[in-house]
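Let's take a walk through a protein together. Keep the picture open while you read, and look up each part as we get to it.

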Amino acid sequence: MGTSSSGGGLFPTLRSYRATWLPGDAAAALTLAAIAIPEQLATARLIGLPPVTGLLAFAAGTLAFAVFGRARALSVGADSTIAPVIGGTLAVLALAGGGQVAGLAVVLALMVGLLLLGAWVMRLGWAADLMSQPVTTGFLIGIAVHIVIGQLPVLLGLPTPPGTGAARLWDVMATLQGTHALPLAVGGGMLAIALAAEWLNPRLPGPLLGLAASLGLVLALGRGTGGLEVLGDVTLQLQVPHLTLPGWPTIAALLPLALVVAVLVMIQTAAVLQALDDGALPESEDAIGRTFAALGAANIAAAALGAFPVNASPPRSAIVANSGGRSQLAGVLAVAVCAVVVLAGGGLLALVPQAALAGTLIFIATRIVRARLALRIARQSPQEALLLVASAALVVFLPIGVGVGLAIVLSLVHSLYTIARPQCRELLRLPGTTIWWADTPERPGQREDGVLVMALGAPVNFINTRGMLAQIDTALATRPARLLVIEAAAVASIDFTGADLLRDRVAGWRAGGFAVALARLESQTATGAARRTGLIAAFGPGAVHHSVEDAVRAWKAGALA
């Protein structure tokens, strides 16, 4: 089942709706609601807001995305990936006098929505690639650790200590002697039921079953027994909130958080779309941008209902797809089911133990961690595994908003370093052929007397040319060569600074007695730049060739100037 539908306008996934899709959408709606009710209640609590706010976020995000979104199975609502980032930073701002967490969350949702709309207008779909897989995987591990640490006091029936991350864990460990058995049993039972249900059948609503079991226990034992705190009021507030914009200092303080959340929303949404389309993004980058715009509208709708920023959810989206959902009607029906449950059974929901929601959040944390991917990164790329560990440590040990921002910066620095320091390889002739290739144990090559062939590893530009030239100089100093052939198959472009540096170095090599040739400059863009900047002329007459072998033959024939 594809995730996107063609055409624009409103309700794009409901246009040309077929009656035969209704059973699948209805079944997906029931399954989605069963998962969303405990998850959304718990996620709102993770931010530090009344649990019912999570259901408002789910309703706003789902309905707005149904109006504007083109991805059929994407489920939008409160999300545990961004919730710790939001809650941790808003708590700090509130303590600093920036306002109440609830009001700040509404303003943040509005800002995130506007940023996502701006990303669509400015065609910033590429921003979804700002974090590499190792950094993203480490970031998610850090988020999962934050969730678990944050829920431990509730699970153990202990007072919630101030601070975040490792400091809070230390405080919890110091007060373990005050643990209450009943909250631990309820939260642990909730986690066990959710994990068992997922193991038996991923479609089973494990969190809802655990929630029902914990509710039955409260009804049997009585409210407040054994330190078991309950949710309390879950009245659905449907009135439109009065939005009071804070002063510029508070908006300026919120802006970095809004940027981080918007980037995380784009990254996660692109990943969900890839997973739902079995590895293929929607038709074009513009289609992804339109999905970002729909998420922007969803966040603005969340602000209008007094909620907090929303995001695309990987597990809920997979549930919709796997349960037979064919359009966004599945999400709309799920919102209706949630509303009926809250309006008809709000009194029962008020008796749900806080420890049960803590167990739900810990279950969600286990699903955030991509353990298999982390192990594969460690096996296949040990150097990048260090990035994974570093990004996880940043999120765990620093204030979470700062840690997430630095994890993004870490990803960008790593990519910049990779671009700035590409490897230039020496090429050797494969025996019995005219092919010049990098030497490997499986395919050993042979050197030609007096010839050094170096393949440039990237486009020639201001950031990497000095590094590539230094590698060539090192090779010239260690090889007895009279001919230097620069193989340029990987050079897709040449900028002014790179051309200047390479032109000057070519002149220096020639003045030092080396014959210099250029081979396989295949890109028309790079060739045009090389001609305009005088780089081609710097190599001299007869020095530019279609292949390395042609350049070597020309040198042997004395055709190089």
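First, some ground rules. This is a predicted model, in which local features need pLDDT of at least 70 and side-chain atom pairs count only at pLDDT 80 or more, while totals for chains, interfaces and linings use all residues. Residues are numbered from 1 along each chain as its sequence is written, and side-chain values use heavy atoms, with hydrogens and water left out.

So what does pLDDT tell you? It is the predictor's confidence in each residue, from 0 to 100. The protein has a mean pLDDT of 86, with 93% of its residues at 70 or more. Over residues 278-283, though, the pLDDT is below 50. Residues 1-7 also stay under 50. Where pLDDT is low, the predicted coordinates should not be read in detail.

Now zoom out. The C-alpha atoms fill a box of roughly 100 × 60 × 50 Å along the principal axes. In the protein you'll find 21 helices and eight strands; these are DSSP runs numbered from the N terminus, with helices (H or I) of at least four residues and strands (E) of at least two. Of the 561 residues, 52% count as buried, meaning under 20% relative accessible area with a 1.4 Å probe, protein chains only.

Next, find strand E5, residues 450-455. Six of its six residues are buried, so E5 is largely enclosed by the rest of the structure. Which strands does E5 pair with? Pairing takes at least two DSSP bridges between two strands. With E3 (residues 425-429), E5 pairs in the antiparallel sense over two bridges, and here Arg-425 stands opposite Ala-455. With E6 (residues 481-487), E5 pairs in the parallel sense over six bridges, and Val-453 stands opposite Val-485. To get from E5 to E6, the chain crosses through helix H17 (residues 465-478) in a right-handed β-α-β crossover: with the strands pointing away from you, the path from the first strand over the helix to the second runs clockwise.

Last stop: helix H11, residues 314-322. Its buried residues are Arg-316, Ser-317, Ile-319 and Val-320. Why do they sit on the same side of H11? They cover an arc of only 155° around the axis, going by the directions from the helix axis to the C-beta atoms. At the N-terminal end, Ser-313 caps H11, with a side-chain oxygen 3.2 Å from the backbone nitrogen of Arg-316. Just after H11, Gly-324 takes a positive phi of about 95°.

Methods:
Buried means under 20% relative accessible area, exposed over 50%, partly exposed in between (1.4 Å probe, protein chains only). A polar contact is a pair of N or O atoms within 3.5 Å; within protein, one must be able to donate a hydrogen and the other to accept it, and residues adjacent in sequence count only if both atoms are side-chain atoms. Contact means heavy atoms within 4.5 Å.
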